[in-house]
Amino acid sequence: MAQFYVDGYHPGDPFVAEPHPSVAARPSTLPATTDVLVVGSGPAGLVLAAQLANFPDVDAVVVDRRDGPLEVGQADGVACRTVEVFEAFGLADRLIAEGYRVNEVAFWRPSPADPDRITRTGRIPDVEDGLSEMPHMIVNQARMLAYLRDHVARSARRAEPWYGLHLTALDVEEDGADGSDEYPVTVTLAHVADGVETGATSTIRAKYVVGCDGARSSTREALGLRLVGDHADSTWGVMDVLVDTDFPDIRLKCAVQSATEGSILIIPREGGHLVRLYVELDAVRDAAMLRDGVTPAGLAAVAERILHPYTLEVRDVGWWSVYEIGQRLCDRFDDVGPGEDRPPRVFIAGDACHTHSAKAGQGMNVSMADTWNLGWKLGAVLRGRARPELLHTYTRERHAVAQELIDFDRAFASLFAGHGRGGDLAEPDPEEFPRYFREQGRFTAGVAVRYGPSMITAVDPAQHLATGFVVGTRFHSAPVVRLADAKPMHLGHVARADGAWRLYVFADRRGPAGDDTPFRRLGDHLARLVARLTPPDADPDAVVDVRAVLQQHHHEVETTDMPPVLRPRKGRFGLVDHEKVFCPDPTTDDVFDLRGIDRDAGCMVLVRPDQYVAHVLPLHADPELADFLDGVLLEPGVTPGGRLAPPAGRPRP
């Protein structure tokens, strides 16, 4: 829900930001310093780059050992929650238009009448109703990365990754007592061409470094961390192919388990013809191929054996690979060791700190969620808007999620291979895998994450006032109508990846009428709170963005009835922002009913910049709201040393 022309009309693409002044002076070689060095331009690295690109006053450099952008292969499943995140970048429509939408999952097992033949045993919805307004999509990882690179290139920083650079050394200096060491992390980068180091090196100093450089992460090694967990106990081949087959469910996501030939996962791909096959390879049955070398022809032969009596002929291979299953996890995701009490300077994310099988479609999604969690925190600290202690919450929150992923993946991989949930080889219950798939639907959709209490997640919320907005979980969007223009839309889609906190005020029954209602009194208090936390050169919603949802029909209320905090003036002309207030959508379920909002009392729902619910409070609890935010945010002018200078901006009217 982008806004533009607030500072005056101009022709051209409104989604291309005005270039930051630093762009004109940018050197043609790798800079000597940067605020954030991102190592790796995969999913985790580019989500981080995209988030940081939305902060024009933050400089980020992305390096990658590859010679250029990824073109084919690797991950492809895009969970509902990830599509929600892409909506915050304005990229969801593009992703949905191009990708394959997963609607149902079919399960195939040996026929009871003839175990040498497989038969369909059931079909279930891929995502339960009401879980998300966004679908589960299949899109080639290379295309996902292209969307993110385009977003970064359109940003004010006009940034692009630096290719052919590999981290070989990293040194973190302790800050001086006055915090004077502005760039405490020194990184040595080896130059790489065609996968081989050339002997040349470059050095860059950074305030923060984030290693998004995969399972063989050199950043992790430089920190002395290691992945710990299970050794691989099975091998799988994966290939994207064009096939000629009489298998009836080739355009459905399918889990196929044969009696003696192994298992296969079928994932239809975008475009109507391409399909991905995950093929189980057995150490005994496929020993010769594993010994002599796996080939696409060999994988196709195994796939056809599993699909018997159906035939499958591969006409073209777009990409293929072989991988081993192993669930492994680092004990921490930053450079703060046991007993140390300092803000972290170096982080790892994605496969650099957790690895697992690919079949549950979680790797890319969880990796991007790692840096979605970290990016706004880095931006807030660098811009002097949040306390440096905020950065400790990254490892605390994401390590717990990664451990859940490891536990889930271990059970999922075992069941998919035809074993019991605990990996036992006893005759499995044929309904156990479909049942587990349904039970874990929230997890695979990416919406089961619940962050524990911390400085950014309330310990004792008034949860009874909004039972559908559980503190610590992602803000579950719902349909509404925007008051100013009667536009039906989703409430969650007002949240952009701009680093702002969102405060949704769900009004009591009396709504905005009268000068002495809870809603009106709260509006006056919020105006003072927002003004106190907002830099003088920033728009009034840059730090805390206040929105309201009324219970009245949009025909029964006037925008001019709203308090000033819901009609903020923005830009150099001081124009009123009319898009802060919403009403229930009369054509569908009421948002108050959908999300369990107490109609008599109303409430406030505070949402973090990464769209997770931080607090639920009564309408009269503005002092408690202020105390909570003061525990995270810093007032302008009282920021600890080391903050960036405020960006040059316009005076706020």
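What share of the contacts in the chain with a separation of 6 or more comes from residues 24 or more positions apart? Such residues account for 72% of these contacts, where contact means heavy atoms within 4.5 Å.

## The model

This is a predicted model, in which local features need pLDDT of at least 70 and side-chain atom pairs count only at pLDDT 80 or more, while totals for chains, interfaces and linings use all residues. Residues are numbered from 1 along each chain as its sequence is written, and side-chain values use heavy atoms, with hydrogens and water left out.

## The whole chain

The chain has 15 helices and 29 strands. Helices (H or I, at least four residues) and strands (E, at least two) are DSSP runs, numbered from the N terminus. The radius of gyration is 26 Å, close to the 26 Å that the globule rule gives for 653 residues, so the chain is as compact as a globular protein of that length. This radius is taken over C-alpha atoms, and the rule is 2.2 Å times the number of residues to the power 0.38.

The C-alpha atoms fill a box of roughly 75 × 60 × 55 Å along the principal axes. Of the 653 residues, 56% count as buried. Buried means under 20% relative accessible area, exposed over 50%, and partly exposed in between (1.4 Å probe, protein chains only). The chain exposes about 26600 Å², and carbon and sulfur atoms supply 50% of this area. Accessible areas come from the Shrake-Rupley method with a 1.4 Å probe; for residues, only the protein chains shown count as cover.

## Helix α9

Helix α9 covers residues 363-382, which is 20 residues. From first C-alpha to last it reaches 29 Å, close to the 28 Å expected at 1.5 Å a residue; the expected span is 1.5 Å times one less than the number of residues. Because 19 of its 20 residues are buried, α9 is largely enclosed by the rest of the structure. G384 follows α9 and has a positive phi, near 75°.

## Residue D351

D351 lies in the loop between β19 (346-348) and β20 (354-355). Its relative accessibility is 33%, so D351 counts as partly exposed. Leaving aside neighbours within four places in sequence, D351 is in contact with G214, A215, R220, L227 and S367. D351 and S217 are 134 residues apart in sequence, yet 8.1 Å apart in space, C-alpha to C-alpha.

## Residue F4

F4 is found in the segment before α1 (21-24). With a relative accessible area of 35%, F4 is partly exposed.
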